[in-house]
Number of protein chains: 2
Amino acid sequence: MTVGERVRIPAREGRAIEVGAGQAFRVIDVEGQQVADLFAFCAEDVSEYASAEHTRAYVDRLFPRVAEPFVTNRRRPILRFEADESPGVHDMLCAACDPTRFAGLGVEGWHASCQENLEKAMAELGYERVEVPQPINLFMNIPVEADGSLGWKPAPTIAGDAVTMRAELDCYVVVSACPQDIVAINGLDPTPIEIELLG
Amino acid sequence: MTVGERVRIPAREGRAIEVGAGQAFRVIDVEGQQVADLFAFCAEDVSEYASAEHTRAYVDRLFPRVAEPFVTNRRRPILRFEADESPGVHDMLCAACDPTRFAGLGVEGWHASCQENLEKAMAELGYERVEVPQPINLFMNIPVEADGSLGWKPAPTIAGDAVTMRAELDCYVVVSACPQDIVAINGLDPTPIEIELLG
């Protein structure tokens, strides 16, 4: 993938890209109201990955602000939140959707999921078995109420909204255009995501 | 371990117990103002474990209420929150303390940590390498503000406060008497925890 190139991730699918330390990339909500699950694994050892629980403790927040880092399960900055061209609503509380999630929602038979998209993308890079981290759920609207209850609301993004991240370590970044169409986080209509590699 | 038996976990240490499906146990803050990091792994396959991010999505809350379950990374109930004889303040947002946490806090040389306590307890059961899940941080006081910022406050417990959990799967339960003495979550004075096996 070269600088300026865009990778289109079709609705309900996932893709991995390699990003070198110092390089930045944008994750773009092409049509709006679409969640992008983002994962980052250290290229030199994929057992080290962007970790929500270590990041929360590092920045003392539910989600980093622009200029703050996402850190790994070894508390090393792996991505820096460089720019937010969106309403600024993101989540790191909810697990990736997976076959057991859709079974619990009453789906019979196979349903695309962010977990399978992650596993498939990493397998294509030669990693047949990886831990499935808590994702960085870009554009995902999970309000936290004062009593600790969580809501599941449609993403507030419009077409072209985007987030820019800069890698601080060589990493594999996986993005899944979330296939959730039972709970309304994607407005019940999953749509594509794009990744643009910057300098 | 037999019914009614209590295991004393010295300050800054951890212990594992085996709990059969249907059995309950209490985790007791012996002296008060002490966090207990709790982990639960399925006995038949320790790659399945109590998962904070799956539990939040299952109960639609930051932390289950009494009578609600903690579920695994395969969304199966593994523990049920049976009783809470404490102020009801608990956390599932912050990673276990570990060597990199203490290094970041300026500690030079070795410092006991919940992650090492977990790894040591599981190694004694024959599991030399396990994923380190986001713990169920009993009695831990991490207020979440409306702007998404997190606080690190002393545990509000007094001597004898306790939580009761009932296993829904055969599991290994690991409890660490949190050794954190730089951040004030344990009142800067780590103390013991006890586990009591119930029927």
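Predicted model: local features only at pLDDT ≥ 70, side-chain atom pairs only at ≥ 80, totals over all residues.
1. Cys42(B) stands opposite Cys171(B), a residue of strand β9(B). A disulfide is a covalent bond between the sulfur atoms of two cysteines. Cys171(B) is in no disulfide, and the nearest cysteine sulfur, that of Cys42(B), is 7.2 Å away. To count as a disulfide, the two sulfur atoms would have to be within 2.5 Å. Cys171(B) is also buried, at a relative accessible area of 2%.

2. How far is the sulfur of Cys171(A) from the closest cysteine sulfur? The separation is 7.3 Å, the other sulfur being that of Cys42(A), and this is too far for a bond. Cys171(A) is buried, with a relative accessible area of 2%. Over all chains the count of disulfides is zero.

3. Strand β9 of chain B covers residues 171-177, and seven of its seven residues are buried, so the strand is largely enclosed by the rest of the structure. Its side chains point two ways: Cys171(B), Val173(B), Val175(B) and Ala177(B) one way, Tyr172(B), Val174(B) and Ser176(B) the other, and all are buried.

4. β9(B) has antiparallel pairings with two strands. With β4 of chain B, residues 36-42, the pairing runs over seven bridges. With β2 of chain B, residues 14-19, it runs over six bridges. In this second pairing, Ile17(B) stands opposite Val173(B).

5. In chain A, what is the order of the strands in the open sheet of four? The order is β2-β9-β4-β7, with antiparallel pairing. The edges are β2 (14-19) and β7 (136-138) of chain A; each has a single partner strand, so one side of each is left without a neighbour in the sheet. From one strand to the next, the twist averages 25 degrees.

6. Within that sheet, β2(A) pairs with β9 of chain A (residues 171-177) in the antiparallel sense, over six bridges. Arg15(A) stands opposite Val175(A) of β9(A). Helix α3 of chain A, residues 114-124, lies across β2, β4 and β9 of chain A and runs at about 145 degrees to β9(A).

7. Helix α1 of chain B (residues 52-59) is mostly covered, with seven of its eight residues buried. Which residues of α1(B) are buried? They are Ala52(B), Glu53(B), His54(B), Thr55(B), Arg56(B), Ala57(B) and Val59(B). An α-helix has 3.6 residues a turn, so residues three or four places apart point the same way.

8. The cover over the buried residues of α1(B) comes from both chains: it includes α1 (52-59) and α2 (99-104) of chain A, together with β5 (69-71) of chain B. Just after α1(B), Asp60(B) takes a positive phi of about 55 degrees.

9. The last point is how the copies are related. Two copies of a chain are related by a rotation about an axis and a shift along it. Here a rotation of 180 degrees, with 0.0 Å of shift along its axis, superposes chain B on chain A with an RMSD of 0.0 Å. That is the relation of a two-fold axis. In chain B, the C-alpha nearest this axis belongs to Ala146(B), at 3.8 Å. Of the interface residues of chain B, 100% are also interface residues in chain A, so the copies meet through the same surface.

Terms used. Residues numbered from 1 in each chain as written. Chains lettered and ligands numbered in written order. Heavy atoms only, no water. Least-squares fit on C-alpha atoms with pLDDT ≥ 70 in both. Contact = heavy atoms within 4.5 Å. Buried < 20%, exposed > 50% of the residue type's maximum accessible area, 1.4 Å probe, protein only. Pairing = 2+ DSSP bridges. Axes fitted to C-alpha atoms, helices over the stretch in contact; angles between N-to-C directions.
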